[in-house]
Amino acid sequence: MSSAIELHINGQLLRVTPGTSVAAALYLAGDGSSRTAVGGQRRAPLCGMGICQECRVTIDGQRRLACQTPCTAGMQVESQP
Amino acid sequence: MKRDVDLLILGAGPAGMAAAVAASASGQRIALVDDNPATGGQIWRAGAQAPRYPAAENLRAQLAAAKNVECFTATRVIAQTGAHELLLENPLHSWRIGYTQLILCTGAREVLLPFPGWTLPGVTGAGGLQALIKGGVPVRGERVVVAGSGPLLLASAASAKAAGARIECIAEQASLASLAAFALQLPRWPGKLRQAIELFDRHYQPHSHVVEALGDGRVQAVRIRRGSRLVEIPCDRLACGFGLRANTELAQTLGCAIEAQAVVVDNLQRTSLAGHFAAGECTGIGGNELAQVEGAIAGFAAVGLLAEAQALTARRRHWQRFADLLKRHFALDPELKSLPTADTVLCRCEDVPYGAVAQQASWRQAKLHSRCGMGACQGRVCGTAAEVLLGWPTPTLRAPFVPARVDSLLHAAALSSAAPTAVE
Ligand SMILES: Cc1cc2nc3c(=O)[nH]c(=O)nc-3n(C[C@H](O)[C@H](O)[C@H](O)COP(=O)(O)OP(=O)(O)OC[C@H]3O[C@@H](n4cnc5c(N)ncnc54)[C@H](O)[C@@H]3O)c2cc1C
Ligand code: FES
């Protein structure tokens with residue numbers, strides 16, 4: 001097993017095993033939610049496969065899908081407040 | 001930047017991988033594109049908690065050995081920029097790709113139907129939960145309810161169990177009679193029978209469907225209708241999917257004929273559009289075995305190896321029969337049309353309630369009056385739900401087909417205004 005990857009989720013340091021998706025990192029670091037809907041509800045990944053766009057977060061300044069993005073070292077992930 | 005290939009294959013699941021391997025012997029320049037970070041598609045998904053699949057490893061090794069096949073993962077199709085030309089984007093670049101022939105292997109997605117509470121965190125698709133678990137979402141010690149329809153429910157429950165979750169219930173909407181008739185046919189596909197026996201779980205309940213997810217800020221319980229009884233099951237997660245729907249939007253946008261929610265193909269997997277083939281679940285839901293055979297036929301046919309392609313038709317027929325069986329016995333009960341109430345959110349991107357959409361005459365009207373389907377997913381979730389609930393045809397895509405970066409969009413805009421060479 002290769003060594004752990006370190007990244008930041010909403011400023012919090014997290015260590016994960018290689019192959020972990022950013023969607024999983026959201027659960028490992030917090031409640032797993034990714035964004036706030038128009039009506040104010042928190043939302044979390046739904047389809048897990050790049051279709052629903054519920055998991056969109058900001059990764060190193062870019063909007064990306066958490067479910068289709070593997071964690072890499074030094075990544076800065078911000079969920080939508 | 002623009003690159004040209006002889007053969008472009010979109011989607012690197014079982015169909016796309018088999019197509020690339022089959023076509024590689026020709027020596028043609030082949031590009032295999034997929035929006036996931038690795039090849040494998042839905043079933044052979046890679047990830048921190050994903051098992052190893054020998055069939056996938058075998059195809060991956062053959063692809064790696066083929067010098068004329070280039071794999072572009074984490075790469076999306078943003079727009080059509082000309083005849084036989086698409087705009088692609090990965091996390092770093094965007095570029096145009098020109099092709100002589102194209103094989104669409106875009107697979108299928110889950111049918112996600114709205115019901116009260118389905119927007120609560122903790123509610124996912126059934127295959128969706130399986131995919132999230134493979135990516136490392138922790139479920140150890142959690143109570144999971146799986147619901148919806150199709151063989152994927154058992155596969156998803158098995159993945160959750162293997163990751164340490166406790167299965168509280170697997171609610172399958174199909175009737176016991178229908179499931180029994182399905183099971184009696186299974187010995188014709190011994191591998192499938194073995195799989196069904198391996199995956200079977202004592203919490204499996206036929207003729208049951210979810211009615212409501214309950215919880216404050218997160219799912220805490222699920223209400224399930226079992227025949228005429230209503231039961232409430234406390235849980236930490238609900239994984240709910242009502243079968244699969246072919247990803248036909250890209251094919252439709254390019255101009256391929258679509259019928260019965262699938263890309264129309266002939267015996268060599270040719271679509272109605274010259275130079276364009278389709279294989280795997282975008283041509284109809286049939287499982288990974290059928291997807292692989294179809295992919296190989298398309299790959300051989302695209303490079304002119306017709307005898308090799310034709311040699312596979314008997315195998316395709318064998319697996320097509322299995323696909324027909326699935327379709328027949330897991331057909332959705334019309335009663336499910338009453339899952340959402342008028343104030344259940346249908347369009348999750350724009351928070352549009354079902355009632356605001358159902359009172360319109362068509363998808364177009366609904367979009368005009370409610371913003372339904374106008375959000376980031378372009379109706380891939382709510383449009384599919386409206387297709388099931390209201391019988392409306394699915395919407396076509398508009399460019400960008402998926403949310404894209406500004407630099408990619410400028411690239412496309414520069415092209416459409418006929419500027420010379422657009423930069424990245
Ligand atoms: C969530 C989910 C889980 C599943 N789990 C199982 C299972 O455990 N066992 C089982 O037997 N079957 C499972 N299936 C069924 C499975 O889909 C088929 O058995 C098989 O994977 C179909 O192969 P395919 O190559 O046709 O399509 P897929 O495997 O769906 O592959 C299509 C690929 O194309 C990509 N793609 C689609 N559109 C584009 C585009 N525009 N640009 C770039 N890439 C694109 C997709 O991301 C995907 O990687 C699952 C299906 C789903 C939806
Ligand atoms: S969870 Fe649906 S796109 Fe990521």
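## Chain A: overall form

For a chain of 81 residues, a compact globule would have a radius of gyration near 12 Å, and chain A has 12 Å, which agrees with that expectation. This value, like the others in this report, is computed from a predicted model. Along its principal axes, the C-alpha trace of chain A spans about 40 × 25 × 20 Å.

Chain A contains one helix and seven strands. Followed along the sequence, these elements give the pattern β-β-α-β-β-β-β-β.

Of the 81 residues in chain A, 54% are buried. The chain exposes about 3,300 Å², and carbon and sulfur atoms supply 51% of that area. Among contacts between residues at least 6 apart in sequence, 38% join residues at least 24 apart. Chain A carries 7 positive and 5 negative charges, whose mean positions are 8 Å apart.

Gln53(A) lies in the loop between β4 (42–43) and β5 (56–59) of chain A. Its phi angle is near 70°, a positive value in a residue other than glycine. Is Gln53(A) buried or exposed? Gln53(A) counts as buried because its relative accessibility is 5%, and the cut-off for a buried residue is under 20%.

## Chain B: overall form

Chain B has 424 residues, for which a compact globule would have a radius of gyration near 22 Å; the value for chain B is 22 Å, in agreement. Its C-alpha atoms fill a box of roughly 65 × 50 × 40 Å along the principal axes. The secondary structure comprises 14 helices and 21 strands.

In chain B, 55% of the 424 residues count as buried. The accessible surface comes to about 16,900 Å², and 55% of this belongs to carbon and sulfur atoms. Of the contacts between residues at least 6 apart in sequence, 64% join residues at least 24 apart. The 41 positive and 34 negative charges of chain B have mean positions 3 Å apart.

## Domains of chain B

The domain assignment divides chain B into domain 1 (2–109 + 245–326), domain 2 (112–242) and domain 3 (340–417). The contact between domain 1 and domain 2 of chain B takes 16 residues from domain 1 and 15 residues from domain 2. The C-alpha centres of these two domains lie 29 Å apart.

## An enclosed helix and a buried loop residue

Why is helix α1 (residues 14–24) of chain B described as largely enclosed by the rest of the structure? Eleven of its eleven residues are buried, so the helix is largely enclosed. Among them are Pro14(B), Gly16(B), Met17(B), Val21(B) and Ser24(B). The buried residues of α1(B) pack against β1 (2–10), β2, α2, β3 (69–72), β6 (94–104) and α8 (287–302) of chain B.

Thr39(B) is found in the loop between β2 (30–33) and α2 (54–65) of chain B, and it is buried, with a relative accessible area of 11%. The C-alpha atoms of Thr39(B) and Ser408(B), 369 residues apart along the chain, are separated by 23 Å.

## Leu179(B) in helix α5

Leu179(B) lies in helix α5 (residues 176–185) of chain B. Its relative accessibility is 10%, and Leu179(B) therefore counts as buried. Which residues does Leu179(B) contact, leaving aside its neighbours within four places in sequence? They are Glu172(B), Ala174(B), Tyr204(B), Pro206(B) and Phe330(B). The C-alpha atoms of Leu179(B) and Ser159(B), 20 residues apart along the chain, are separated by 22 Å.

## Backbone features in the loops of chain B

Arg371(B) is placed in the loop between α12 (363–370) and α13 of chain B. The phi angle of Arg371(B) is near 70°, a positive value in a residue other than glycine. At 43% relative accessibility, Arg371(B) counts as partly exposed.

A cis peptide bond joins Ala399(B) and Pro400(B), with omega at about -5°. Pro400(B) is found in the loop between α13 (382–390) and α14 (406–416) of chain B.

Terms used
Residues are numbered from 1 along each chain as its sequence is written. Chains are lettered from A and ligands numbered from 1 in the order in which they are written. This is a predicted model: local features need pLDDT of at least 70, side-chain atom pairs count only at pLDDT 80 or more; totals for chains, interfaces and linings use all residues. Side-chain values use heavy atoms; hydrogens and water are left out. Helices (H or I, at least four residues) and strands (E, at least two) are DSSP runs, numbered from the N terminus. The radius of gyration is taken over C-alpha atoms; the globule rule is 2.2 Å times the number of residues to the power 0.38. Buried means under 20% relative accessible area, exposed over 50%, partly exposed in between (1.4 Å probe, protein chains only). Contact means heavy atoms within 4.5 Å. Accessible areas come from the Shrake-Rupley method with a 1.4 Å probe; for residues, only the protein chains shown count as cover. Lys and Arg count as positive and Asp and Glu as negative; His and the chain ends are not counted. The place of a charge is taken as NZ of Lys, CZ of Arg, CG of Asp or CD of Glu. Domain bounds come from an automatic or database domain assignment.
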